[in-house]
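Dear colleague,

Please find the structure below, handed over for your use. My notes on it follow directly after.

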Amino acid sequence: MTLAVQIRQHGGPEELQLVDVQVGEPGPGEIRIRHKAIGLNFIDVYHRTGLYPLKMPAGIGMEASGVIEAVGEGVTHLQVGDRAAYAGQPPGSYCEARVMPAMNVCKLPDAISFETGAAMMLKGLTAQYLLKKARPVEGLEKGDHVLFHAAAGGVGLIACQWAKALGLQLIGTAGSDAKCQLALANGAAHAINYNTEDFAARVKEITGGKGVKVVYDSVGKDTWDKSLECLRPFGLMASFGNASGPVPPFAPAVLGKYGSIYVTRQTLFTHISNRAATQAMADDLFAVVASGEVKIHIEQRYPLKDVQQAHRDLEARKTTGSTILTLD
């Protein structure tokens with residue numbers, strides 16, 4: 001038996017309950033991992049509330065790190081005793097140990113701690129595909145401006161640093177002056193407090209009226225319309241989250257109004273839908289973290305038993321950087 005967080009119906013943080021569950025042996029293509037640390041992400045809130053519905057009862061959580069305890073038939077990239085980390089389906093990382101598909105589980109380099117591994121996989125792989133794969137039709141070159149919303153969050157702080165390493169001029173937005181300063185300290189070229197400034201007007205000012213080639217937006221409803229105003233002709237609106245709520249339906253004709261712009265809705269799990277892609281992206285992430293060009297900032301730690309409070313703080317936007325659940 002092991003401790004795990006489950007929900008029996010969609011709802012608020014109070015639905016997150018710590019229960020005893022039985023963990024069996026891995027089947028073909030599976031592993032059993034004993035966790036050392038667990039990552040907290042906004043997608044966990046979507047699963048809990050039912051924005052992304054789950055079959056009940058359901059586990060919660062998409063990333064963690066730990067030690068491989070058992071390996072199922074056909075798994076060749078992991079062995080018992082390996083340090084490992086993952087971002088992957090199905091939800092259920094909020095637990096002491098679990099059996100899960102091995103496809104998205106990667107061997108964790110010795111140079112990267114368990115806490116860092118748990119805090120960086122989903123957020124770091126998201127930053128990786130956004131900056132390297134979700135690119136505008138005209139491409140990205142050194143010196144180009146990009147707009148990144150929620151720049152002081154877990155994905156945002158990684159993206160700020162990685163964009164700087166790539167030579168991009170990242171314009172970050174955040175909800176307070178303190179968060180803006182955090183984004184600047186982590187490599188953002190500019191930071192805008194969207195609660196006190198018109199971010200679209202400020203972006204046009206920064207770019208000399210041209211706009212940015214791409215907007216990376218995990219906020220959704222509250223930032224959508226003005227984000228379209230920030231794009232230059234043929235620019236890309238890359239949506240990858242809904243922290244303020246889903247984007248309302250819109251007429252495709254509006255994209256022409258803003259200069260024949262492109263819109264895409266990205267998900268990490270499309271990008272890591274096979275073993276080779278997962279490992280290639282993870283290797284890129286491991287390399288940039290091990291080099292020191294990207295540092296993973298763990299700003300909040302909650303014991304697993306305090307998971308309800310962790311969700312309350314996350315939804316209230318009281319957190320910055322990465323957050324982990326601990327098992328000590």
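At 27% relative accessibility, Ala150 counts as partly exposed, because that class lies between buried, under 20% relative accessible area, and exposed, over 50% (1.4 Å probe, protein chains only). Ala150 sits in the loop between strand E9 (145–148) and helix H3; helices (H or I, at least four residues) and strands (E, at least two) are DSSP runs, numbered from the N terminus. The phi angle of Ala150 is near 55 degrees, a positive value in a residue other than glycine.

Please note that this is a predicted model, in which local features need pLDDT of at least 70 and side-chain atom pairs count only at pLDDT 80 or more, while totals for chains, interfaces and linings use all residues. Residues are numbered from 1 along each chain as its sequence is written, and side-chain values use heavy atoms, with hydrogens and water left out.

Ser260 also has a positive phi, near 55 degrees, and is not a glycine. Its place is the loop between helix H7 (253–257) and strand E14 (262–265). With a relative accessible area of 41%, Ser260 is partly exposed.

Two cis peptide bonds deserve a mention. One joins Met56 and Pro57, with omega about -10 degrees; Pro57 belongs to the loop between H1 and strand E4 (58–59). Another joins Gln89 and Pro90, with omega about -5 degrees, and Pro90 lies in the loop between strand E6 (83–87) and strand E7 (97–101).

Turning to the pockets, the largest pocket holds about 840 Å³ of space. Of the 43 residues that line it, Phe42, Val155, Ser218, Phe240 and Ala243 are the closest to its centre. A pocket is defined on a 1 Å grid over the protein atoms alone, as an open set of points where a 1.4 Å probe fits, with protein on both sides within 12 Å along at least five of seven lines; lining residues have an atom within 4 Å of a point. The volume is the space filled by probe spheres set on the points, and grid points are joined across faces, edges and corners. Elements that each supply at least two lining residues include helix H1 (42–49), helix H3 (154–165) and strand E10 (169–174). The largest share of the lining, four residues, comes from H2.

Phe114 is found in that helix, H2 (residues 114–132). Leaving aside residues up to four places away in sequence, Phe114 touches Lys36, Ala37, Ser65, Gly66, Val67, Arg83 and Leu108, where contact means heavy atoms within 4.5 Å. Phe114 and Val67 are 47 residues apart in sequence, and their C-alpha atoms are 9.3 Å apart in space.

Leu327 lies in the segment after E16 and counts as partly exposed at 25% relative accessibility. Beyond residues up to four places away in sequence, its contacts include His35, Cys95 and Leu304. Leu327 and Ile192 are 135 residues apart in sequence and 37 Å apart in space, C-alpha to C-alpha.

Finally, Phe234 is found in strand E13 (residues 231–239) and is partly exposed at 40% relative accessibility. Together with Val137 and Tyr262, Phe234 forms a nonpolar surface patch with about 300 Å² of accessible area. Patch residues have over 30% relative accessible area and no salt bridge, with nonpolar side chains joined within 5 Å and like charges within 9 Å; areas are Shrake-Rupley, 1.4 Å probe.

Kind regards

Technical notes: A salt bridge is a side-chain nitrogen of Lys or Arg within 4 Å of a carboxyl oxygen of Asp or Glu.
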